[in-house]
Amino acid sequence: MSQPVPPPSGNPFADQGVPFAPAPPPAPVRDNVALGLVTAVVVALVAGGIYGGIAGAIEREIGWAAIGVGFITGFAAGKVGGRNPLLPVVSVVCSLVAVYLGQLLAIAVIMADLTGASVTEALFDNFSQVMDVWNESKDVMTFLFFGLAGFAAFSGAKKAAE
């Protein structure tokens with residue numbers, strides 16, 4: 001038994017009157033190294049400020065907060081900048097600077113609380129005293145926080161670029 005009219009394309013399911021689905025839009029280009037660098041700097045400064053504010057308010061440092069500063073710096077840089085091998089390294093440097101500035105801010109917050117001055121006065125007018133306090137108070141944990149922040153920044157940048 002044969003069909004009176006053969007299918008038009010040889011495929012009995014092809015001519016159903018359903019158009020093809022549109023192609024998905026291309027993935028966004030994330031290889032903007034300059035924007036990744038700017039993002040790393042901005043996120044590091046904001047995260048370092050938050051870290052310093054929290055550490056100054058509770059009058060102690062928190063290792064998890066230092067890890068958070070590093071991770072969010074690296075993750076944001078990798079997400080925006082893409083897979084460029086420069087971004088994890090810059091993220092590490094930015095996170096180390098952010099943790100250092102956060103520690104200085106924490107000392108300034110504590111000094112302002114003790115003296116009744118504003119935080120900006122304690123930080124900018126008495127910067128040498130803030131540095132002296134930082135130098136006297138640094139210990140193994142200080143450098144451990146730096147290491148944890150750097151490791152988290154590198155890992156975050158690599159993870160976000162995948």
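**Exercise 1. Contacts along the chain**

Among contacts in the protein between residues at least 6 apart in sequence, what percentage join residues at least 24 apart?

*Solution.* The structure is a predicted model, in which local features need pLDDT of at least 70 and side-chain atom pairs count only at pLDDT 80 or more, while totals for chains, interfaces and linings use all residues. Residues are numbered from 1 along each chain as its sequence is written, and side-chain values use heavy atoms, with hydrogens and water left out. A contact means heavy atoms within 4.5 Å. Of the contacts between residues at least 6 apart in sequence, 76% join residues at least 24 apart.

**Exercise 2. Secondary structure and burial**

State how many helices and strands the protein has, and what share of its residues is buried.

*Solution.* Step 1: helices (H or I, at least four residues) and strands (E, at least two) are DSSP runs, numbered from the N terminus. The protein has 6 helices and 0 strands, in the order α-α-α-α-α-α.

Step 1: a residue is buried under 20% relative accessible area, exposed over 50%, and partly exposed in between (1.4 Å probe, protein chains only). By this criterion, 35% of the 162 residues are buried.

**Exercise 3. The largest nonpolar core**

Identify the residues that touch the most other members of the largest nonpolar core.

*Solution.* Step 1: such a core is a set of buried Ala, Val, Leu, Ile, Met, Phe, Trp, Tyr and Cys residues joined through side-chain atoms within 4.5 Å.

Step 1: the largest one holds 25 residues, and Tyr51, Val69, Val99 and Val130 touch the most other members. Helices H1 (33-58), H2 (63-81), H3 (86-115), H4 (119-125), H5 (127-137) and H6 (140-161) each supply at least two residues of this core. The largest share, 10 residues, comes from H3.

Step 2: beyond its neighbours within four places in sequence, Val130 contacts Leu104, Ile107, Met111, Ala122 and Leu123.

**Exercise 4. The pair H2 and H6**

Determine whether H2 and H6 are roughly parallel or roughly antiparallel.

*Solution.* Step 1: axes are lines fitted to C-alpha atoms, for helices over the stretch in contact, and angles run from 0 to 180 degrees between N-to-C directions. The axes of H2 and H6 come within 6 Å and cross at roughly 30°.

Step 1: angles under 35 degrees count as roughly parallel, over 145 as roughly antiparallel, 65 to 115 as roughly perpendicular and the rest as oblique. H2 and H6 are therefore roughly parallel.
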